[in-house]
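Have the viewer ready and follow along.

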Amino acid sequence: MKISILGAAGFIGTNLAIKLAEDKSNVITLVDTVDSFFEPHRKMGLGFNYRIVNFNEKTDFDRLLNGQHVVYHFFSSSNPTKSNLNIPFELRDNVLTTSLFLEACVRQNVHKVVFLSSGGTVYGCEAICPISEDSSTRPITSYGVQKIAIENLLYLYNYTYKLDYRIIRLANPYGPYQRPNGQLGAITTFIYKALKHEPIHVYGDGTVIRDFIYIDDVVSGILNIVNGDIKLVNLGSGKGISIKQILGLIGQTLGIELNIVFDKARTVDVPVNYLDITRYIDLFGNPVTVPLDEGIKMTAAFLDKNYV
Ligand SMILES: NC(=O)c1ccc[n+]([C@@H]2O[C@H](COP(=O)([O-])OP(=O)(O)OC[C@H]3O[C@@H](n4cnc5c(N)ncnc54)[C@H](O)[C@@H]3O)[C@@H](O)[C@H]2O)c1
């Protein structure tokens, strides 16, 4: 199968590419903005093809998608923290660009588009936890708005042109290859800071509740959903845990005393978010095979070897 991953040099793209390469019949093309982002991938020797492209209104998506069967849409111009700083650009860079991408998917007869939406932001703060796929969507960030808009575009292109798609509303993934830069990925960032014995900055008082899932379980979950029949599925652990509890677990698991600094809470953070994963469980069983303490140990080992 010919598979392209757009936004492939990032956290989830990298882990998915490694898994897909286990099937030698897959021809995998990794696409991202900067050639040097692929240095780790080249060292893996897994036979990936590489394309360096910045997705925008001028991108020649037809050339990129020609002959591709399954295309993973894993790029986003921003993250929940930053997206409200420039709402019009957020919509242009993601919604408009994705519409042009989908037009090309239709012209090039792409079989299936896989979109990583955000279980953490599309529902906003009105939904009741655990949040099911049928809950209302009232995002409080333009990141969440663009995700919902792209979900609706996928519905539209399927309705109009029969373009097949899957939408994964993903909770909070963590693990190897997540960049520990503090923008996304609380667990990975906290572990990195802990290993370096640096202060850990927490927004608010640590009572914010999130739904964390280890990256290997995310990758297995994505592949199950891609190969299944249901178009929209939540993927998370289905359990909420507070930031304070996570910090306690990291300190205890790694045997490190953490230096925690509590900063002002942010308006972009919904207070509580964890997903109802009943739909996933009914289709494929429990997605969680890696408990949090094991995931913390594996993430710490990776960060220790590659970053610290
Ligand atoms: N990590 C999370 O917590 C999380 C949760 C839910 C959904 N998602 C979504 O999953 C997808 C993948 O997330 P990730 O954690 O791997 O992100 P990431 O930031 O690690 O990787 C995204 C990659 O996309 C590339 N990219 C961004 N804009 C681009 C553009 N215009 N042209 C070409 N490449 C571009 C970046 O260079 C980056 O390598 C994103 O759409 C993200 O919104 C992430």
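## Around the ligand

The ligand is surrounded by 23 residues, with Ile12, Asp32, Phe55, Tyr143 and Lys147 the closest; a residue counts as near if one of its heavy atoms lies within 4 Å. The shell is made up of 14 nonpolar, six polar and three charged residues. Here Ala, Val, Leu, Ile, Met, Phe, Trp, Tyr, Cys and Pro are nonpolar, Asp, Glu, Lys and Arg are charged, and the others, Gly among them, are polar.

This is a predicted model, where local features need pLDDT of at least 70 and side-chain atom pairs pLDDT 80 or more, while totals for chains, interfaces and linings use all residues. Numbering starts from 1 along each chain as its sequence is written, and side-chain values use heavy atoms, leaving out hydrogens and water.

## Polar contacts and cover

Look next at the polar contacts (pairs of N or O atoms within 3.5 Å). A polar side-chain atom of Asp32 sits 2.6 Å from a ligand oxygen atom. Phe11 places a backbone N or O atom 2.9 Å from an oxygen atom of the ligand, and Phe55 places one 2.9 Å from a ligand nitrogen atom.

On its own the ligand has 830 Å² of accessible area, and the protein covers 87% of it (Shrake-Rupley method, 1.4 Å probe). Helix H1 (11-20), strand S5 (112-118) and helix H5 (142-161) each give two or more residues to the shell; helices (H or I, at least four residues) and strands (E, at least two) are DSSP runs, numbered from the N terminus.

## A helix pair

Now turn to helix H6 (residues 186-195), which packs against helix H8 (residues 243-254) at an angle of about 45°, with the axes 11 Å apart.

Key: Polar contact = N/O pair within 3.5 Å; in protein donor to acceptor, adjacent residues only side chain to side chain. Axes fitted to C-alpha atoms, helices over the stretch in contact; angles between N-to-C directions.
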